[in-house]
Amino acid sequence: MSEYYRGKRSRNIYAPEQKTSFKISRSKIDLFLSCPRCFYVDRRLGVGRPPGFPFAINSAVDHLLKNEFDALRHVGKTHPLIEKFGVDARPVAHRMLDEWRENFKGIHYHDIKNNFIVTGAIDDLWVDSHGQYIVVDYKATAKSEPVTALELGGYHDGYRRQMEIYQWLLRKNGLTVSDTGYFVYCTGQPDNERFDAHVLFDMHLIPYTGNDQWVQGTIDQMKIVLDHNELPDASADCDYCLYINDRIHVENLYE
């Protein structure tokens, strides 16, 4: 067994007979929806997908946005972007916000039925004049035209699911949550004449009305898959599984 594989085996791996609760993150729910086989191999067998490159610029934008909204949060004021788009909201100073933002803490909910601890880390939390909490997610990209709406399909569907999981988690923690959340979408402008150590961004607030009714049923299905001792089918469009199958086929030709 390789050192890489042994390292993976030491992670949060599910065993059907275990009595302790099992931690499931928001990203693992999305992995399950993307490909049940990849999810099973990751959480049951301990071999995750190869990691992608970190989006350091996106992380920097996230950090700067949090600083910007926090400065207003602490004095009870709203943000010019919120006013520009006519949204009834202001950043809220909730006592749990710092913990809910941390990647390895986040919001927790113990799903007793499946004995899962479901977690997710939000970017921001606002509140409207009716006392409803609003989930806010920061996004950054670079395109010739600013992103002003979510596209149908593709990775934007993942953004929608992300928002709905956060809404579900907050509701499970007893908060009254608005169905409408917002994406603070920052689009870097690549067409300026000079760089001058600055990237200018177009900033838009994109509303999304979520529906979290699918979340519990998906978690129930994840439990069923993890309890089985057989690999589930791969998604037909999973690039990782397609690569593995094609590689095995080609390698077998040379044996």
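Biologist: How many salt bridges does a search of the whole structure find?

Modeller: Side chains of opposite charge can pair when their charged atoms come close. The cut-off: a side-chain nitrogen of Lys or Arg within 4 Å of a carboxyl oxygen of Asp or Glu. The search finds 17 salt bridges. This is a predicted model: local features need pLDDT of at least 70, side-chain atom pairs count only at pLDDT 80 or more, and totals for chains, interfaces and linings use all residues. Residues are numbered from 1 along each chain as its sequence is written, and side-chain values use heavy atoms, with hydrogens and water left out.

Biologist: Which residue forms a salt bridge with Lys28?

Modeller: Asp42, with the closest N and O atoms 2.6 Å apart. Lys28 lies in helix α2 and Asp42 in helix α3, so the pair ties together parts 14 residues apart in sequence. Helices (H or I, at least four residues) and strands (E, at least two) are DSSP runs, numbered from the N terminus. Asp42 also meets Arg43 in a salt bridge, at 3.0 Å, N to O.

Biologist: Is Asp42 buried or exposed?

Modeller: Buried means under 20% relative accessible area, exposed over 50%, partly exposed in between (1.4 Å probe, protein chains only). Asp42 is at 2% relative accessibility, so Asp42 counts as buried. Arg43, at 6%, counts as buried. Lys28, at 19%, counts as buried too.

Biologist: What does buried Asp128 have around it?

Modeller: Asp128 is in the loop between β5 (124-127) and β6. Asp128 has no salt bridge; the nearest side chain of opposite charge, Arg90, is 8.9 Å away. For charge, Lys and Arg count as positive and Asp and Glu as negative; His and the chain ends are not counted. A polar atom of the Asp128 side chain does lie 2.9 Å from the backbone nitrogen of His130.

Note on methods:
A polar contact is a pair of N or O atoms within 3.5 Å; within protein, one must be able to donate a hydrogen and the other to accept it, and residues adjacent in sequence count only if both atoms are side-chain atoms.
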